[in-house]
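Open the model in your viewer and keep the selection tool at hand.

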Amino acid sequence: MKTWIASHPRSTPRSCACARPPAVDTWAPISIGRMRVRFAPSPTGVLHIGGARTALYNWLLAHRHGGAFVLRIEDTDRERSTPENVEQILDALRWLELDWDEGPLSQAERAPAHTAAIEQLLSAGHAYEDEGAVRLRVPDDGETVIQDLIRGEIATPNQAIQDFVVRRSDGSALYNLAVAVDDRDMGITHVVRGEDHISNTPRQVMILRALGEEPPVYAHLPLLHGPDGKKLSKRHGAASVQELRASGYLPEAVRNYIALLGWGYDESTTFFTTDELIDRFDLSRVSKNPAVFDEQKLRWMNGRYLRGLPVEELKSRLERLTGRELPTEAVEISQDKMQTLADFWPLAGFLVERRDFDDRAWSKVMRDGAAERLRAAREALEQADAFDVETVEQALRGVVERFDAKPKDVFQPVRVAIAGTTVSPGIFESVAALGRQETLARIDSALLKASGG
RNA sequence: GGGGGCGUGGUCUAGCGGUUUAUGACACCGGCCUUUCACGCCGGGGAUCGCGGGUUCGAAUCCCGUCGCCCCUACCA
């Protein structure tokens, strides 16, 4: 019994999909009936951005064409398929907000259907037993042609394909048979998956034909590689959806970024809302060559999304990530300086809790009379009429003038005193956000340290 | 070995036989802004389109060959 199947309720229904006019371009040949696509990961670990992109493209297609997005878990390899792995995948999809209309279905639970199909193949003479296993009869000549929406026609000589096993001697079905039968039974009209499945496709088509069915339409997506040009794997940093979340990326930014990994709308548009993606995504514009995941570009894009968020929204996302309550001003004055949510704490955590002085920052800044200027800054801040950004600025600039110093000779010591480091949001904003009492206390402690205390 | 797929600056891409001295973005370099780091703005370098032939008045765009990378060739998925 697979309890996880039942424990995850159907995702929230969408309202926009059906109102969208179905595009006819790519789908003309088989637009009879409603489009049904599927995402069929095998739960062998975390969901990679490659899998995430496949899921996104399928989801986009279903939304654009008013179709159904079905989630199927290919868990027939009992060794690798654990409930934890399945949960990881569902969790990743939920975070990405890629809701499915049906499923998750367990492929393993469809064993009876697989068995029935094998029986049918056997009795029709399309398959035969061999040492307890069952093999499909593959013609010796001719070729099997598949129509790929991205790559066009792909022909494989039947000669290159041996009579392959569809059922193990223990009675269980193998991958190609399970996929073909499940896609058929689920009424899948378009199979959109990774390029690594191109070579499997003729086998699945043969099984379908032997079963008396016409195959669905296929579209094989280019693979994703790491910066070293090799196939993407765990060693490539934030390559899993979970890691992306933990690193402080926004799901909408991740969606935008991965949509562009293998697809482009025109020569200059980079930012797409999800609705725009639904409107414009088109398999015929998907590229054929593998793409490399570039985290730097994702960081940049994420920063742009971050800056576009209302402060309250950014605040609640930060609170969700850090698990603690954050002052709104701290979020507000940090927004322009963050690229990921994870950047917040090192940048502005000092506004929430006091931290030690960083040695390098201290020795770099607290020299050549810095203590004297810091003491003057303290006086000025203590005597300021108010403590908002403007009055703080007036007070600190006054000190600069009095010492005939460069601005940074005053601001940096204050920064190190209150933040512990040389990096923080704007100094006036930071001081004002910290408040007079805490600012003075921290400067006092810095002055104490400076005098050898 | 056999079969299949792919090949435009470091990266993602635009380009679909002639308005291309090859598009935009990230990264990089320089400048501006300036209180650090960023953000933002401005400017710059960088691909002759894997390579070699062919077709054509003309090719990144069509054809052939070749090389490289990837996938399949499991009683894995």
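Begin where two domains meet: 35 residues of domain 1 are in contact with 32 residues of domain 2. Keep in mind that this is a predicted model. To find the parts, colour chain A by its domain assignment: domain 1 covers 3–225, domain 2 covers 241–342 and domain 3 covers 354–450. The C-alpha centres of domain 1 and domain 2 are 29 Å apart.

Next, look at the area hidden between these two. Domain 1 and domain 2 bury about 3,000 Å² between them, and 66% of it is on carbon and sulfur atoms. Now select Ile49, Tyr57 and Trp95 in domain 1: these lose the most area to domain 2, together 24% of what that side buries.

Then turn to the polar links. The interface of domain 1 and domain 2 has 15 residue pairs in polar contact, both residues at pLDDT 80 or more. Two salt bridges are found across the interface of these domains.

Stay on the domain 1 side and show its secondary structure. Helix 2 (49–64), helix 3, strand 10 (217–221) and strand 11 (224–225) each give two or more residues to the side that touches domain 2. Helix 2 supplies the largest share, 10 residues. By type, the residues of this side are 22 nonpolar, five polar and eight charged.

For the next selection, show the side chains of Glu97 and Arg255, which meet in a salt bridge at 2.2 Å, N to O.

Last, select Asp101, in the loop between helix 3 (83–95) and strand 3 (102–106). Is Asp101 buried or exposed? Asp101 is buried, because its relative accessible area is 10%, under the 20% cut-off. Its side chain reaches the backbone nitrogen of Phe69 at 2.7 Å.

Terms used: Residues numbered from 1 in each chain as written. Chains lettered and ligands numbered in written order. Predicted model: local features only at pLDDT ≥ 70, side-chain atom pairs only at ≥ 80, totals over all residues. Heavy atoms only, no water. Helix = DSSP H or I, 4+ residues; strand = E, 2+ residues; numbered from the N terminus. Buried < 20%, exposed > 50% of the residue type's maximum accessible area, 1.4 Å probe, protein only. Polar contact = N/O pair within 3.5 Å; in protein donor to acceptor, adjacent residues only side chain to side chain. Domains from an automatic or database assignment. Contact = heavy atoms within 4.5 Å. Buried area = accessible area lost by both parts, 1.4 Å probe. Salt bridge = Lys/Arg side-chain N within 4 Å of Asp/Glu carboxyl O. Nonpolar A, V, L, I, M, F, W, Y, C, P; charged D, E, K, R; others polar.
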